[in-house]
Amino acid sequence: MRYLIMSDIHGNLQAFEAVLSATPDFDQVWCLGDVVGYGPDPHECIARLRGLPAITVAGNHDWAVAGKLDLHEFNADAQEAVLWTREQVTRADVEFLKSLPERETSGDFTLVHGSPRHPVWEYILNASVARSNFERFDTRFCLVGHTHVPVLYALHTGDERSRVQTGRPAPGSVLELRDAPRMIINPGGVGQPRDAIPSAAYALYDSEAQTISFLRQEYDIEETQRRMTAAGLPPRLIARLTFGW
Ligand code: ZN
């Protein structure tokens, strides 16, 4: 089976469609949350996702749009985008976002948005935060999003104390899972990458080959930006797509 691992689509339909067309040969989507927020097509992204065979977990933006999280935790631009998004989605979309679980498991993988410790909110930004999260899931691997940066943390257990090694998977690189240590893996962000590469970031898990490929896909950034401008979304959110920050 081939699993398309996507996180942080953020209402960016151009990026979402580009990834789906680039990798049509998949069996299931694993979506790590933040389907909406920031981007100009939240309803269309929800509808597209719901039409796919998919497992989806909740992101902070999803629950904020659904009214399940306090907006005070968001910065001004993100708040404005959440409020705008609430006007664009249908009642059925809100019910869908509200119903998303914090955590799912499938085979060797736990799926969360932020971290297994605090699934909706915590950012795993370094090895020490990753390390304390390894005891919060039981599967071999945990997939996370939320930071919009592709990264992996591998747990090496020695005689004395365990050590977490950080890896920065290059675009196109393939991770071998056979004999691999336990890992927390982030595919990066589809709709708003933040690793200084503007193309959509995602990953593909092949359960037979036991590999995860880290992939990038170019998309029509200018079209997304035109749609954001027409919607009156914050200029900083529009500009950052050009640069991937
Ligand atoms: Zn996000």
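Q: Which residue in S11 does Ile5 stand opposite?

A: Two strands pair if DSSP finds at least two bridges between them, and strands themselves are DSSP runs (E, at least two residues), as helices are runs of H or I with at least four, numbered from the N terminus. Here Ile5 stands opposite Ala203 in S11. Strand S1 (residues 2-6) and strand S11 (residues 200-206) are antiparallel, and 4 bridges pair them. This is a predicted model, in which local features need pLDDT of at least 70 and side-chain atom pairs count only at pLDDT 80 or more, while totals for chains, interfaces and linings use all residues. Residues are numbered from 1 along each chain as its sequence is written, and side-chain values use heavy atoms, with hydrogens and water left out.

Q: In what order do the strands of the open sheet with S1 and S11 lie?

A: The order is S3-S2-S1-S11-S12-S9, an open sheet of 6 strands with mixed pairing. At its edges are strand S3 (54-56) and strand S9 (174-176), each of which pairs on one side only. From one strand to the next, the twist averages 20°.

Q: At what angle do helices H2 and H5 pack?

A: Axes are lines fitted to C-alpha atoms, for helices over the stretch in contact, and angles run from 0 to 180 degrees between N-to-C directions. For helix H2 (residues 42-50) and helix H5 (residues 91-99) the angle is about 65°, and the axes are 10 Å apart. Contact means heavy atoms within 4.5 Å. In H2, His43, Ile46, Leu49 and Arg50 meet Ala92, Asp93, Phe96 and Leu97 of H5. These contact residues comprise 5 nonpolar, 1 polar and 2 charged. For such classes, Ala, Val, Leu, Ile, Met, Phe, Trp, Tyr, Cys and Pro count as nonpolar, Asp, Glu, Lys and Arg as charged, and the others, Gly among them, as polar.

Q: How many cavities of 30 Å³ or more does the structure hold, and what lines the largest?

A: On a 1 Å grid over the protein atoms alone, a cavity is a set of points where a 1.4 Å probe fits but cannot get out, whereas a pocket is an open set with protein on both sides within 12 Å along at least five of seven lines; lining residues have an atom within 4 Å of a point. Grid points are joined across faces, edges and corners, and a volume is the space filled by probe spheres set on the points. The structure holds 1 cavity of 30 Å³ or more, and the largest cavity has about 50 Å³ of space. Its lining residues include His10, Asn12, Tyr38 and Gln192.
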